[in-house]
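Hello,

Here is the structure you asked about, with some notes on what was found in it. Please read the notes with the model open.

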Amino acid sequence: MTDLQLRTAEPHDAEAVLAFWKEAAEGTSITDDVDGVTRLITRDPEALILAESDGVLVGSVIAGYDGWRCSLYRLAVLPSHRRRGISTALLDAAEKRFAATGGRRGDAMVLEANERAHRAWASAGYRREDHWRRWVKPFA
């Protein structure tokens, strides 16, 4: 895709990102609000990578690195723009970010029921690890 532009999100992007996720991403998160997205961008300005085509937000990935783990969340592409290499470009950018920080492995959070995502992650070279399970406790 020749007109694809990747950039990191800025605080003023929070509302647009949330609207994009409603259309393009599967599931929701407890932090799906302007405050949550803005906190992410403020704390780690390079974590939320956006893909734009002709000024339209068409993809996203959160590439969070805490100094220990490289975590990938919210890899999403606008349905009308899928199968054009956007997720590949986003993952390449995320993996370059991780390599530059010394990260050793990317861990992706993928919904169990999202078969399309399973295929996409597998084609990108990621594999499922069945011996791990996520345990969560909301604080609010």
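How do the residues of the lining of the second largest pocket divide into nonpolar, polar and charged? Three are nonpolar, two are polar and four are charged. Please keep in mind that this is a predicted model.

The pocket itself has a volume of about 160 Å³. Its lining consists of Tyr65, Trp68, Arg69, Cys70, Gly102, Gly103, Arg104, Arg105 and Asp107. Two polar residues are counted in that lining because Gly is classed as polar.

The other part concerns strand 2, which covers residues 48–53. This strand is mostly covered, with six of its six residues buried. Leu48, Leu50 and Glu52 point one way from strand 2, while Ile49, Ala51 and Ser53 point the other way. Residues on both sides are buried, Glu52 and Ser53 among them.

Strand 2 pairs with two other strands, as follows:

- Strand 1 (residues 4–8) runs antiparallel to strand 2, and five bridges join them. Within this pairing, Leu4 has Ser53 as its bridge partner.
- Strand 3 (residues 56–65) also runs antiparallel to strand 2, with six bridges between them. Here Ser53 stands opposite Val56.

Strands 2 and 3 form a hairpin, and two residues lie between them. Asp54, in the turn, has a positive phi of about 50°.

Regards

Methods:
Residues numbered from 1 in each chain as written. Predicted model: local features only at pLDDT ≥ 70, side-chain atom pairs only at ≥ 80, totals over all residues. Heavy atoms only, no water. 1 Å grid on protein atoms, 1.4 Å probe; cavity = no way out; pocket = protein on both sides within 12 Å on 5 of 7 lines; lining within 4 Å. Points joined across faces, edges and corners; volume = space filled by probe spheres on them. Buried < 20%, exposed > 50% of the residue type's maximum accessible area, 1.4 Å probe, protein only. Helix = DSSP H or I, 4+ residues; strand = E, 2+ residues; numbered from the N terminus. Pairing = 2+ DSSP bridges.
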